[in-house]
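Colleague: Before I use any labels from this model, I'd like to hear what stands behind them. Can we go through them one at a time?

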Amino acid sequence: MHQLFRLVLGQKDLSRAGDLFSLDDSEIEDSLTEALEQIKIISSSSDYQTNNNDQAVVEICITRITAAIRETESIEKHAKALVGLWDSCLEHNLRPFGKDEDTPHAKIASDIMSCILQNYNRPPVMALAIPIAVKFLHRGNKELCRNMSNYLSLAAITKADLLADHTEVIVKSILQV
């Protein structure tokens with residue numbers, strides 16, 4: 001892993017997290033999967049929900065990682081780690097605390113969702129993502145559900161057969177909203 005990612009994630013150093021944006025995408029591209037795995041560990045810790053520093057570090061790192069993936073067009077290379085982090089969000093509360101106040105894991109899920117599902121035209125990525133995506137439809141977060149539905153409709157246009165096994169869950173979600 002790039003030494004700056006190692007420092008920021010290893011020490012949860014918010015003061016250095018912004019420096020990640022000064023690095024060239026190609027310089028960190030080989031570190032992204034390992035960084036995502038480290039983020040999964042941090043976000044799964046028992047105090048993550050209440051630790052504002054850790055949440056800020058994770059949010060900045062995810063923003064940097066997703067930007068690098070987009071710019072280097074390396075979604076296939078990092079899809080498994082992205083989907084793994086995304087799936088781990090399902091183990092936590094995703095229901096908003098108050099009006100328009102997402103939980104820390106809902107924020108992670110939203111950022112990861114857009115990075116993954118904007119690649120709806122890449123069947124290998126969608127094959128990994130769709131089984132996880134449909135699980136978010138019944139997790140009590142209307143905004144996540146609405147956005148997920150939009151992305152799933154795009155995926156259906158390009159590769160409908162990937163959604164066939166999940167039709168019942170998708171229809172039930174539509175009927176609930």
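This is a predicted model: local features need pLDDT of at least 70, side-chain atom pairs count only at pLDDT 80 or more; totals for chains, interfaces and linings use all residues.

Colleague: OK, why does Asp-54 count as buried?

Modeller: Buried means under 20% relative accessible area, exposed over 50%, and partly exposed in between (1.4 Å probe, protein chains only). Asp-54 has 3% relative accessibility, so buried it is. Asp-54 sits in helix H5 (helices are DSSP runs of H or I, at least four residues, numbered from the N terminus). Leaving out residues up to four places away in sequence, Asp-54 touches Lys-12, Ile-42 and Tyr-48, where contact means heavy atoms within 4.5 Å.

Colleague: And what makes Leu-128 partly exposed?

Modeller: The relative accessible area of Leu-128 is 39%, so the label is partly exposed. Leu-128 is in helix H8, and beyond four places in sequence its contacts are Ala-79, Lys-80 and Val-83.

Colleague: Why is the aromatic pair of Trp-86 and Phe-136 called stacked?

Modeller: Rings of Phe, Tyr and Trp (its six-membered ring) pair if their centres lie within 6.5 Å; planes under 30 degrees apart count as stacked, over 60 as edge-to-face and the rest as tilted. Trp-86 and Phe-136 are at 5.1 Å centre to centre with 20° between the planes, hence stacked. Trp-86 belongs to helix H6 and Phe-136 to the loop between H8 and H9, so the pair ties together parts 50 residues apart in sequence. Both Trp-86 and Phe-136 are buried.

Colleague: What makes a set of residues a nonpolar core?

Modeller: They must be buried Ala, Val, Leu, Ile, Met, Phe, Trp, Tyr or Cys, joined through side-chain atoms within 4.5 Å. The largest such core here has 55 residues, and among those with the most contacts inside it are Phe-5, Trp-86 and Phe-136.

Colleague: Last one: how do you know what counts as a cavity?

Modeller: On a 1 Å grid over the protein atoms alone, it is a set of points where a 1.4 Å probe fits but cannot get out; lining residues have an atom within 4 Å of a point. One cavity of 30 Å³ or more turns up. The lining of the largest cavity includes Tyr-48, Gln-55 and Asp-111, and helices H5 and H7 each supply at least two of its residues.

Key. Residues are numbered from 1 along each chain as its sequence is written. Side-chain values use heavy atoms; hydrogens and water are left out. On a 1 Å grid over the protein atoms alone, a cavity is a set of points where a 1.4 Å probe fits but cannot get out, and a pocket is an open set with protein on both sides within 12 Å along at least five of seven lines; lining residues have an atom within 4 Å of a point. Grid points are joined across faces, edges and corners, and a volume is the space filled by probe spheres set on the points.
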